[in-house]
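Here are my notes on the contact between the two chains. Please read them with the model open.

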Amino acid sequence: MKRIVHKHPLAIRWFHWINFPVLFVMIWSGLLIYWAYDPYKIQIGDYVLLSFFPDSFYKALKVPFRLAEGMAWHWVFMWVFILNGILYVAYTFISGEWRHLVPDRNSFREAGQVVLYDLGLRKTQPPFVKYNGAQKIAYFTVMLMGIGSVLTGFAIYKPVQIAWLTTLLGGYEAARLEHFVLTVGFVLFFFVHVIQVARAGWHNFQSMITGFEVVKPTDPERPVNQPVTPAPTSDPLSPTQPALS
Amino acid sequence: MSQSTEPNLPEEDVPESVTRRKTLISFGVFALAAAGSTGLYKYIADSKNAMGVKRPLRLVMNENEAIAKTYFSNAHLVPTFDPKQAARPARVNGYEGIKKPVADDWQLQVDRPNAEPLLLSMDAIKALPKHEITYEFKCIEGWSQKQHWAGARLSDFLAAYKLGTRSGNAPNPDQPDDLFRHVGMETPDKGYYVGIDIESALHPQTLLAYENNGQPINAQHGAPLRLIIPVKYGVKNLKRIGRIFFSDERPRDFWAERGYDYYVGL
């Protein structure tokens with residue numbers, strides 16, 4: 001016999017793996033669009049720290065002169081991104097899965113401890129149930145960023161028909177910049193996410209495909225296994241039992 | 001934030017054969033889904049082009065037009081600004097259709113069903129009420145600029161000359177079936193041409209413009225008469241209008257033929 005823990009519901013796994021290629025298409029086609037007018041840079045005084053993007057970058061990725069193609073892909077796959085996102089948020093809310101995701105007041109302190117632990121500056125990580133504080137903050141934020149991308153996207157897609165939204169976001173030019181910054185955020189998230197998943201190992205990764213993870217009582221990465229008991233309800237804010245995961 | 005307790009994850013004791021089977025099935029479905037999405041990409045990428053863009057993408061973009069029309073409204077106006085904020089001079093981008101000087105005997109030709117084409121001078125346009133607008137002109141490339149334009153409303157023009165309808169009456173909002181579905185415009189040399197849905201053409205901010213920053217439009221901006229249509233990207237704002245016509249079919253469109261969305265409604 002093996003003890004398994006059901007970690008990711010089937011729906012969440014579908015939403016996750018649909019989102020991955022769709023978001024990739026959105027970012028790639030977005031880059032084709034951005035190339036046609038690419039004014040953004042990070043500048044300190046006269047010194048350009050980072051230019052979005054250097055010609056060599058565009059050339060290496062074969063970006064130039066593909067605006068029409070980029071718009072076509074962007075305006076088709078946006079619907080898949082939106083639909084998948086709506087279903088994900090609705091499912092997360094209705095199923096109660098949000099309880100694993102939404103950060104609480106302890107999450108920020110925990111996140112700090114997790115970062116210290118990951119950097120080797122702390123011996124133990126704080127106990128957690130499904131996601132640690134840092135994960136909760138990261139995954140919840142990236143969900144909010146998805147909503148932000150849709151809103152800023154529509155603000156630049158229909159700036160006359162939905163002018164109130166464009167105005168609310170600071171105007172047409174501001175909304176375009178916001179849309180871009182959010183995209184950079186997704187790319188940064190992606191790199192950190194992939195590194196962390198690689199660090200967490202195969203069992204964690206495969207649980208996003210199979211949904212379950214075999215419990216190893218002696219896993220040093222996971223605090224000691226406990227019998228399944230309902231979490232105390234009298235004092236919900238006290239640290240929970242060491243995590244099963 | 002959340003005050004609720006995070007529940008523990010459900011656990012179960014199962015035989016190893018079960019975990020093995022579950023794993024196998026999950027990875028099998030995962031592989032199938034990956035193959036399916038790769039197949040979808042290949043299907044799109046290997047499709048024939050429809051006007052310069054992959055056919056499946058073109059079909060969805062045309063559906064996007066239908067969706068956009070459900071919330072298009074003449075009451076939705078482009079935000080306007082003080083003319084003092086307008087760029088001087090307004091940015092010039094593109095010379096298709098206006099590479100040679102405009103003819104001295106320029107006239108606006110308007111084709112009508114069952115009637116001789118109308119031939120009009122600038123005086124005829126200027127006789128209509130003049131409207132000014134300062135708004136953010138938006139290029140499909142992504143840049144935008146506050147620009148100040150003035151001219152006659154296209155809707156006033158169509159009403160005054162009883163154009164755009166099958167009956168030969170002035171356009172009547174209560175009789176949408178009487179309207180042709182599109183307006184076509186082209187430069188005198190036919191080097192640049194656009195097609196515009198009739199709803200966008202009748203939008204109150206759509207102008208037959210003859211002034212920029214209070215001066216007659218210069219040659220680069222499409223003298224003597226150009227289209228200013230804030231509900232569209234710049235590509236539809238045809239310069240130096242030579243001919244206007246109406247049709248139910250989509251009139252040919254310079255950039256749509258080159259892979260861009262036909263509607264490009266903002």
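1. Start at Arg3(A). In this predicted model, Arg3(A) stands opposite Asp13(B), a residue in strand 1 of chain B. The two side chains also form a salt bridge, with 3.0 Å from N to O.

2. The strands around this pair are joined across the chains. Strand 1 of chain A and strand 1 of chain B (residues 11-14) run antiparallel. They are linked by 4 bridges.

3. Now the polar tally. The interface of chain A and chain B holds 4 salt bridges. Residue pairs in polar contact between the chains number 16, counting pairs with both residues at pLDDT 80 or more. On chain A, the elements that each supply at least two residues to the side touching chain B include strand 1 (2-6), helix 1 (10-35), helix 3 (67-95), helix 6 (133-157) and helix 8 (172-200). Helix 3 of chain A gives the most, with 10 residues. By residue class, the side of chain A that touches chain B has 41 nonpolar, 12 charged and 8 polar residues.

4. Next, the extent of the contact. Chain A contributes 61 residues and chain B contributes 58 residues. Between them the chains bury about 5,600 Å². Carbon and sulfur atoms account for 65% of that area. Which three residues supply more than any other three of the area that chain A buries against chain B? They are Val160(A), Gln161(A) and Tyr172(A), with 13%.

Terms used: Residues numbered from 1 in each chain as written. Chains lettered and ligands numbered in written order. Predicted model: local features only at pLDDT ≥ 70, side-chain atom pairs only at ≥ 80, totals over all residues. Heavy atoms only, no water. Contact = heavy atoms within 4.5 Å. Buried area = accessible area lost by both parts, 1.4 Å probe. Polar contact = N/O pair within 3.5 Å; in protein donor to acceptor, adjacent residues only side chain to side chain. Nonpolar A, V, L, I, M, F, W, Y, C, P; charged D, E, K, R; others polar. Pairing = 2+ DSSP bridges.
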